[in-house]
Amino acid sequence: MSGPIEIQNLKSRDPFAEADEDSGQTTQTQEYIHIRIQQRNGRKTLTTVQGIPSKFDHKKILKVIKKEFACNGTIISDTESKGMGEVIQLQGDHRAKIREFLINPETGLGLDEKTIKVHGF
């Protein structure tokens, strides 16, 4: 035998080291679409959709969603959302319907189901 034997398995490796880097963290959070619900007063709720890719026109998406779901909604701009990008805000609880709309290739946007995270209750 010549030279030291190097065993790869014995080296200590932090599996979360890449995730802690600033550049890796920002790309990770931007590739997901977050659907959240917020409680207003009483039984009233708001549904927020954050992270829709910028290649889509948010105003057209909002117009179709409002007509399809029979609800009102608005777009919260970058300055108001404190760095979260443009956020679509809808009146009422539409988490399941929004998820189906984003996934459906015929009537919706046809996005990947793995990139959508639904939060709340």
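1. In this predicted model, helix α3 (residues 58-69) packs against helix α4 (residues 95-103) at an angle of about 130 degrees, and their axes lie 12 Å apart. An angle between 115 and 145 degrees belongs to none of the parallel, antiparallel or perpendicular ranges, and α3 is therefore oblique to α4. The crossing of α3 past α4 is right-handed.

2. The residues that form this helix pair's contact can be named on both sides. From α3 come I61, V64, I65 and F69, and they meet K97, I98 and F101 of α4. Sorted by class, the contact of α3 with α4 comprises six nonpolar residues, no polar residues and one charged residue.

3. The largest nonpolar core contains 18 residues, and I52, I98 and L102 are those with the most contacts inside it. Two or more residues of this core are given by each of β1 (33-39), α3, β4 (87-91) and α4.

4. With neighbours within four places in sequence left aside, L102 is in contact with I33, I35, V49, I52, L109, G110, L111 and I116.

5. As to the chain overall, the secondary structure consists of four helices and five strands, which follow the pattern α-α-β-β-α-β-β-α-β along the sequence. Of the 121 residues in the protein chain, 26% are buried. Among contacts with a separation of 6 or more, 51% join residues 24 or more positions apart.

Notes
Residues numbered from 1 in each chain as written. Predicted model: local features only at pLDDT ≥ 70, side-chain atom pairs only at ≥ 80, totals over all residues. Heavy atoms only, no water. Axes fitted to C-alpha atoms, helices over the stretch in contact; angles between N-to-C directions. Parallel < 35°, antiparallel > 145°, perpendicular 65-115°, else oblique. Left-handed = near helix turned anticlockwise from the far one by under 90°. Contact = heavy atoms within 4.5 Å. Nonpolar A, V, L, I, M, F, W, Y, C, P; charged D, E, K, R; others polar. Core = buried A, V, L, I, M, F, W, Y, C linked by side-chain atoms within 4.5 Å. Buried < 20%, exposed > 50% of the residue type's maximum accessible area, 1.4 Å probe, protein only.
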